[in-house]
Amino acid sequence: SSSLLSSAIKHVSGSKAIETIFTENVDYFAVKNSTEIFYSINGLTNDKSGIYKVDLSGDEPVTTLLSVGKAKYLTFYNSKLYFADGSNSDHLSYINTSVTTPSRVQVIDDKINNLYLYNGSLYYNYFCYNFEFCSKNLL
């Protein structure tokens with residue numbers, strides 16, 4: 001059964017046809033390729049939250065929980081899924097998606113509020129001096 005408030009990951013092709021790929025209460029998501037999507041669900045507590053992988057290569061989607069805890073701003077880069085770790089004060093962290101049992105690894109001590117990939121470089125925004133937001137290039 002689906003909840004009253006649900007969301008879906010959809011695909012829009014060049015012909016503007018909209019296709020629902022996966023329906024789940026997704027907060028953030030990142031696409032690795034046409035058959036693998038990573039997403040987070042942020043519940044009221046960390047134990048009701050997590051990072052998931054959905055494999056769309058078969059007849060039915062197969063969902064796997066990769067890590068328990070809150071996560072925002074998911075960005076996939078070089079077999080690693082970078083995110084603001086809500087279980088760790090929104091510090092920039094990653095999980096290695098190519099291993100069987102991924103664990104969260106903190107990258108920097110900054111509390112980030114956005115994360116994006118542009119031209120092969122990973123950028124993030126963080127809170128800095130005088131109530132401003134600053135940006136850094138990570139990779």
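Analyst: What follows goes through the salt bridges pair by pair. The model is predicted. A search of the whole structure finds four salt bridges.

Start with Glu36. Its side chain meets that of Lys32 in a salt bridge, at 3.5 Å from N to O. Glu36 also pairs with Lys53, where the closest N and O atoms are 2.9 Å apart. Lys53 belongs to strand 5 (residues 50-55) and Glu36 to strand 4 (residues 36-41), so this pair ties together parts that are 17 residues apart in sequence.

Glu36 is buried, with a relative accessible area of 14%; the cut-off for buried is under 20%. Lys32 is partly exposed, at 34%. Lys53 also counts as partly exposed, with 22% relative accessibility.

Next, Lys72 and Asp90. Their side chains meet in a salt bridge, at 3.1 Å from N to O. This pair links distant parts of the chain, 18 residues apart. Lys72 sits in strand 7 (residues 71-77). Asp90 sits in the loop between strand 8 (80-85) and strand 9 (91-96). At 24% relative accessibility, Lys72 is partly exposed. Asp90 is buried, at 12%.

Asp90 is buried, while Lys72 is partly exposed.

Definitions and conventions. Residues numbered from 1 in each chain as written. Predicted model: local features only at pLDDT ≥ 70, side-chain atom pairs only at ≥ 80, totals over all residues. Heavy atoms only, no water. Buried < 20%, exposed > 50% of the residue type's maximum accessible area, 1.4 Å probe, protein only. Helix = DSSP H or I, 4+ residues; strand = E, 2+ residues; numbered from the N terminus.
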